[in-house]
Each structure stands twice: as C-alpha cells, then as structure tokens.
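Welcome, and please load the structure in your viewer.

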Amino acid sequence: AHSTVVKVYTILKGVFKKAYKGKNPTENPMLIVDRPRPRKGELKKKQPEAYDAKEILYIRECLEKEPLVWKALIYFMSDSGLRRGECCALQWKNLDFKKNTANICGSLGYTADKGVFHDTPKPDKIWTIDVDPFVMDLLRQLRIEQFKQGVASPYVFTQHKSTEPIHPQSPTKYLKKLEKKYSIAH
C-alpha cells in the first residue's frame with residue numbers, strides 16, 4: 001500500500017539523516033530519492049464535506065421517527081461538534097439547563113485490551129460549550145424518560161434501561177443503520 005511505502009521512505013530518510021549528521025557517509029543518499037507517489041488504484045476519491053440544507057432537513061425528519069436517546073445524541077453531537085467519546089462521557093452534573101451550557105470533562109474510549117475506559121477530553125482540559133435551547137429541551141425530555149424507566153445514571157446517554165454509559169462505538173454504528181434505513185448519503 002502507498003501508506004506503507006511512504007512510511008518506509010520516511011524511516012529511511014530519518015535514518016540516513018542521523019547517519020549523515022554523525023559524519024559517517026559523506027552525503028545523505030535519500031536526498032536524491034523522490035517521495036513515492038500513490039499508484040492509480042490507491043488514489044482516494046474526495047468525499048462530500050457536508051450535507052446541504054435539504055439533506056439536513058431530511059435527516060431531521062428521519063430523526064423524529066427515532067428513539068429519544070438517539071435523537072438527543074445526534075442533535076447534541078451535531079450542535080456541539082464534540083467527538084463521540086466526549087458525548088458518551090457527558091454526565092448530568094455537567095449540564096446547566098438555566099444557562100444552556102455543558103462542561104466537557106471527559107471522554108470514553110474503547111480498546112480490545114482495556115474495554116470501555118474514561119479518559120480526558122482531547123485538548124486535555126475542561127471547557128464549557130453553549131448548547132442550543134432546542135437540544136437542551138431534548139436532554140430534559142431524555143432525563144424524564146430515564147426516570148420513568150427507573151434509570152438513575154450519572155451519564156446522559158446510557159445503554160437501554162441501564163445506568164451504564166452508551167458504548168463509545170455505538171453512535172457510529174447507529175449512524176450507519178440510520179443511513180441505510182433512510183437512504184441517507186454517507
């Protein structure tokens with residue numbers, strides 16, 4: 001693969017640069033080697049960068065037919081621009097319904113070795129974001145629904161009828177199902 005070829009090129013260039021600085025060879029032989037170009041079959045096609053207004057309206061129509069937890073999560077993700085792990089780690093104590101804000105204090109991650117684990121958010125700091133009042137209302141409704149189901153979890157987005165947070169890979173899987181169910185472009 002092209003990425004492997006580029007990695008080997010980069011490693012060799014670095015090795016010879018170190019050797020050259022150590023005064024072993026008289027010249028870095030990698031200076032005369034061109035960086036490899038991707039083969040025709042390996043060129044990636046550019047994907048669309050965003051949905052247009054018509055597509056967004058259609059997605060919103062589709063979300064109206066979905067369970068509240070997913071509707072609230074997707075609206076929260078799109079409104080905030082947060083990573084999925086940051087959304088999955090969101091706790092009720094971090095929401096201010098009067099100011100329509102959320103404190104982003106953590107992130108959920110997953111590896112096969114560790115399983116689901118709590119981590120710091122990407123910039124390694126806590127920050128506050130403004131949240132659209134409509135989205136905050138959805139979160140209020142979600143809280144009420146959780147109480148009706150007898151779920152008293154510190155997490156906003158939980159597994160079905162559980163106090164456990166939603167798995168950090170679940171939003172991606174759900175979005176793929178949503179795309180397929182409603183014929184939404186990826």
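The model you are looking at is predicted.

Now step back into H5 itself, residues 133-148. From first C-alpha to last, this 16-residue helix reaches 23 Å, close to the 22 Å expected at 1.5 Å a residue.

Next, select Val135, Met136, Leu138, Leu139, Leu142 and Gln146, the buried residues of H5. Look down the axis: they cover an arc of only 155°, which puts them on the same side of the helix. What covers these buried residues? Helix H3 (68-80), S1 and S2 are among the elements to display here. Then turn to the face of H5 directed away from its buried side, where you will find the exposed residues Pro133 and Lys148.

From there, move to the sheet. Its three strands run in the order S1-S2-S5, an open arrangement with antiparallel pairing. S1 (95-96) and S5 (127-130) are the edge strands with a single partner strand each, so one side of each has no neighbour in the sheet. Zoom in on S2 (residues 101-104), joined to S5 by four bridges; Thr101 has Asp130 as its bridge partner in S5.

Finally, colour by confidence. The protein has a mean pLDDT of 87, with 90% of residues at 70 or more. Confidence is lowest in helix H1 (residues 2-21), at a mean of 80, and highest in S1, at 96.

Key. Residues numbered from 1 in each chain as written. Predicted model: local features only at pLDDT ≥ 70, side-chain atom pairs only at ≥ 80, totals over all residues. Heavy atoms only, no water. Pairing = 2+ DSSP bridges. Helix = DSSP H or I, 4+ residues; strand = E, 2+ residues; numbered from the N terminus. pLDDT = per-residue confidence, 0-100. Expected span 1.5 Å × (residues − 1). Buried < 20%, exposed > 50% of the residue type's maximum accessible area, 1.4 Å probe, protein only. Arc of directions from axis to C-beta. Contact = heavy atoms within 4.5 Å.
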